[in-house]
Structures are given as structure tokens and as C-alpha cells.
Amino acid sequence: MTSTYTRFDTVFLFSRFAGAKYSPLLPSPSFTLSTSGIHLRTKPNSRFHSIIASSSSSSVVAGTDSIEIKSLPTKPIEGQKTGTSGLRKKVKVFMEENYLANWIQALFNSLPPEDYKDATLVLGGDGRYFNKEASQIIIKIAAGNGVGQILVGKEGILSTPAVSAVIRKRKANGGFIMSASHNPGGPEYDWGIKFNYSSGQPAPESITDKIYGNTLSISEIKVAEIPDIDLSNVGVTKYGNFSVEVIDPVSDYLELMEEVFDFDLIRGLLSRSDFGFMFDAMHAVTGAYAKPIFVDNLGAKPDSISNGVPLEDFGHGHPDPNLTYAKDLVDVMYRDDGPDFGAASDGDGDRNMVLGNKFFVTPSDSVAIIAANAQEAIPYFHAGPKGLARSMPTSGALDRVAEKLKLPFFEVPTGWKFFGNLMDAGKLSICGEESFGTGSDHIREKDGICLRMVFRSILHCLTAFQEILRHLDLW
Ligand SMILES: O=P(O)(O)OC[C@H]1O[C@H](O)[C@H](O)[C@@H](O)[C@@H]1O
């Protein structure tokens, strides 16, 4: 196995009907979601602003005892083919009449009723342009289809790994992720929607195929007549038997991280005067997590976080953590006096990039480094990983680690769902892809924040980053 100083080879998704009135009587033919009096802001505030509001007070707001459900006629829209990473299009497309509403209704038409009637669903996203407007549409259609409760991140914010963590922790039936991942945001750029199941992993093809089929025959959207939910304050709003709880985007995820890692150990590393750390949040969703986790809980210096405020257009940036788009971080890391450890993550916080002082670690090697050191460095893996896996295009470093540690090893086709299936079967703990995705069975998504903590744990057990790579060379 070789270390990777110069390898640049992988440049990488209610109301209860009891008490609710359903009105299948069709309104006038021109009655659409946007003209129904059901408020759909089609012109979001064009001023780009920070996503994180200052208030964190919790409150319960009671609405009416029952909610009215309207049936809005609609027509199929072409091109809504859904993959496991969801539906991704330009914002302008999603803002066309009923485009998002059709897909959301098609999704409810595709799920078995027990998966959403009176159920709890999670909603969050990476803070990009149109997320707040989309949140209101999704909440009203969810209520219209009989969902019992929506847990939504404050200001619509939840990273992709955090959605997976919240689904699993709160035993929700699934969740919506509003993100176009590492693609740029803003009125001229990209938007996306994805649905994850109760395990926390993206919905299987059997469901995404049904969603697509239903987009081709859809004729009606069920919408609850409720006001827009205030997403800026943590708290519960009830309308009859339907409720929306605005949750803190960080706390459930932070709790999980405290179970997985030894925070004292990482705190010790970050407090060392001879250890420099730099994290580039790329003005994307991990900005909401970086200060509470790295600075407030782990003692990183506040100035070790760059671009740490999530913005709707990612500060005109391209939130793809690679050597091209995270160039500011790369430049700092390649200085003689640069930090020892650097990292960046993408729009929704699942992809990641890892750097040392004057070197870059390919994703293929980072998963191998993690696997080789996990048992010793990370409490969650103290009994040893159950198995290791990589996608087919990912280099074979991990194979060598599996061989040496005598661990079950799997090579899977490209696509995170293949890892999730192995995890659900109890056969896999650590996995990675060449496209800057690394994860473990603590959730069912790749996890950019977690990866940085993995590396810090390992760094504490070995003394310096270079030494990790030297260590790996011995394998
Ligand atoms: O959501 P993203 O980070 O864009 O990832 C979307 C997809 O990208 C690549 O194709 C990966 O191989 C998949 O596993 C992943 O599901």
C-alpha cells in the first residue's frame, strides 16, 4: 500500500383524518397549490442571508382543533425520474407550478399507508435557496396525506447524516432531505429532494420506481389548509391531530457523536499547542454543526472554522470538497506553517475531503486508514469492526486492511444503498467510496463531520498525521 502525498486520482425527503375534513370536491380547474390560498411563496427572498436564526426558545403553539384538507387537481409532469439520490433539477424547474408538489404527492401515493398515516417523518436540508419555501409545501402535503408529525430542523436545516441520525434516534418512519448535495445553490442553480426510509437510508429502487410511475399518472394533490410554520424557533405547533416540531439541527446528532467517539481524547488533541486544525464548511450545512461540535464541545479554536456560516448560495461557491473547489483550504494546508490536519465537506455534509500539512489523502486511502485504526482509536469500534466494504471504483487499500485484520470484506457496485443493505444485515461497519464518501453503521448515510472526528481520534492514538501514513505503508 502506498501513501498518497501526490495522488489526485479521484478528483469525487397529514393531518390525521380523524377530526380532519377531507374535501374531495374539486375546486375550479385553475385552482392550484399556488393559487389555493394555501400559501406558497414562489418568489423567495432574493437577499441571500444566513440560515441560522438566533432564537432557540422552545414553545407549543396550538392551532385549530381540526384541519381542512383540500384536493387540488394536477397533471403529470415529465422528467421526474427519481434515483436513490432523489430528484435533482434547477431551482427554476422546481419552482414551476406544482413541480415539487406533484413529486411529494407521488411519493405518498407510492408508500404503503402504514409508512406515513399517523406516522412521524423528518424534514431538513442543507440550507440552500428554496429550502424554506419547499419546507412549507412538503409540510402541507404531508398533513394533507394523513402524516401525524413532522420533525423539521430549525430554519429547515439538517445535514444528510443528521437526518439519518434523527430518523433512527426518534424511530421515525422516514424523512425528506432537501439538497442537491455538492452542486451549487441559488436562483440559477440546483435543488433536490430525497426520501430516506425508517432505517435512515435512501429509499430503495422499489419505492423510487413507484414514485416515478406515479408522477406519470398523478391527478390530485392533497393539501392541508394550515398557515406557514414558523421555522425560526424550536417548538411544537399543533393543528388538530397533526403537529410540527421544529428541532435543533445539532443536538440529536451531537448525542450520537458522543456515543461513537471519546470526546475527552479529541479535546486533548485539539488543545495541544503544537497541533493545528482547519475546517472549511464551504458556507454549507456543516457550518451549523462546526461551531457547536468542534468549538463549543471539543475546544477547537473559533478561527479554525472557515466559511462557517451556512448561506443559501454557499457564498457564490461550489460546495464540492475537492482540490479544485476547496482551493482556499488547500492553499492554507500547503503552506510551510500550515495546520497539521484540514478537512472540508460538501453542501449537505456527507462528502468530505481530508488533508495533512502539504498532503492530500485520497478518499480511497482515508477509508483504509480509518479501518486500520478504528478498533484502537474509536470507542464505537472497540469490539472490532464487523466488516469492511468499498465501492467497485475505489482503490484496493481497504482490501489489504481487511486481509490483515481478517475481517469480512465486500466490494459493492457504486451506490450508498449497497452499503446500507450490508449494515442492516449486521455484516458491515466501515465503508467508503472514491467520490469523497466515507461512513459507518452508526447511521445509513455517508458522514462528513463524523469522518473528521475519526481522524482526530486516530491522530491522538498515533502522534502525527505523517506517522499514520507511514503506519499504513507497513501494511
Ligand atoms: O448525495 P451525493 O453525495 O451527491 O451522492 C449521490 C451518489 O453519488 C455517487 O454516485 C455515489 O457513488 C453514491 O453512493 C451516492 O448515492
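In this structure, 34 residues of domain 1 are in contact with 33 residues of domain 2, two residues being in contact if their C-beta atoms, placed from the backbone, lie within 7 Å. The model is a predicted one, in which local features need pLDDT of at least 70 and side-chain atom pairs count only at pLDDT 80 or more, while totals for chains, interfaces and linings use all residues. Residues are numbered from 1 along each chain as its sequence is written. The assignment places domain 1 at 21-249 and domain 2 at 253-473; such bounds come from an automatic or database domain assignment. On the side of domain 1 that touches domain 2, helix H4 (residues 160-169) contributes the largest share, with seven residues. That side divides into 14 nonpolar, 16 polar and four charged residues. In this classification Ala, Val, Leu, Ile, Met, Phe, Trp, Tyr, Cys and Pro count as nonpolar, Asp, Glu, Lys and Arg as charged, and the others, Gly among them, as polar.

The protein has 14 helices and 20 strands; helices (H or I, at least four residues) and strands (E, at least two) are DSSP runs numbered from the N terminus. Of its 475 residues, 55% are buried. A residue is buried if 20 or more other C-beta atoms lie within 10 Å of its own, exposed if 12 or fewer, and partly exposed in between, with C-beta atoms placed from the backbone.

The ligand comes next. Both domain 1 (21-249) and domain 2 (253-473) give residues to the shell around the ligand, and therefore the ligand lies between them. The residues around it are Thr84, Ser85, Ser181, His182, Asp350, Arg351, Ser391, Thr414, Gly415, Trp416, Glu433 and Ser435, where a residue is near a molecule if its C-beta atom, placed from the backbone, lies within 6 Å of it. By class, this shell holds eight polar, three charged and one nonpolar residue.

Ser391, one of the residues around the ligand, also belongs to strand S17 (residues 388-391), where Ala389 and Ser391 point one way and Leu388 and Arg390 the other, all of them buried. In a regular strand the side chains alternate between the two faces of the sheet. S17 runs parallel to S18, to which four bridges join it; strands pair if DSSP finds at least two bridges between them. Val412 in S18 is the bridge partner of Ser391. Between helix H11 (397-404) and strand S18 (409-412) is a loop that contains Lys406. Lys406 is not a glycine, yet its phi is positive, at about 55 degrees. Most residues other than glycine have a negative phi. Lys406 counts as exposed because it has 8 C-beta neighbours inside 10 Å.

Another non-glycine residue with a positive phi is Asn307, at near 50 degrees. Asn307 lies in the loop between strand S13 (305-306) and helix H9 (327-333), and counts as buried because it has 23 C-beta neighbours inside 10 Å. S13 belongs to an open sheet of five strands with mixed pairing, in the order S13-S12-S14-S15-S16. S13 and strand S16 (359-361) are its edge strands, each pairing on one side only. Two bridges pair strand S12 (residues 277-280) with S13 in the parallel sense, and Asp280 has Ser306 of S13 as its bridge partner.

An antiparallel pairing is found between strand S3 (residues 68-73) and S9, over five bridges. Leu72 has Ile221 in S9 as its bridge partner. Strand S9 (residues 220-224) is largely enclosed by the rest of the structure, because four of its five residues are buried.

In soluble globular proteins, nonpolar side chains tend to be buried together. Here the largest nonpolar core has 135 residues, and those with the most contacts inside it are Ile104, Leu121, Ile138, Ala143, Ile150, Val166 and Ala371. A nonpolar core is a set of buried Ala, Val, Leu, Ile, Met, Phe, Trp, Tyr and Cys residues joined through C-beta atoms within 7 Å. This core draws at least three residues from each of domain 1 (21-249) and domain 2 (253-473). Leaving aside residues up to four places away in sequence, Leu121 touches a set of residues including Tyr116, Ala142, Val147, Ile150 and Phe176.

Ser457, in helix H13 (residues 448-461), is buried because 25 other C-beta atoms lie within 10 Å. Its C-alpha atom is separated by 5.8 Å from that of Ile266, 191 residues apart along the chain. Beyond residues up to four places away in sequence, Ser457 touches Phe261, Asp262, Leu265, Ile266, Ala377 and Ile378.
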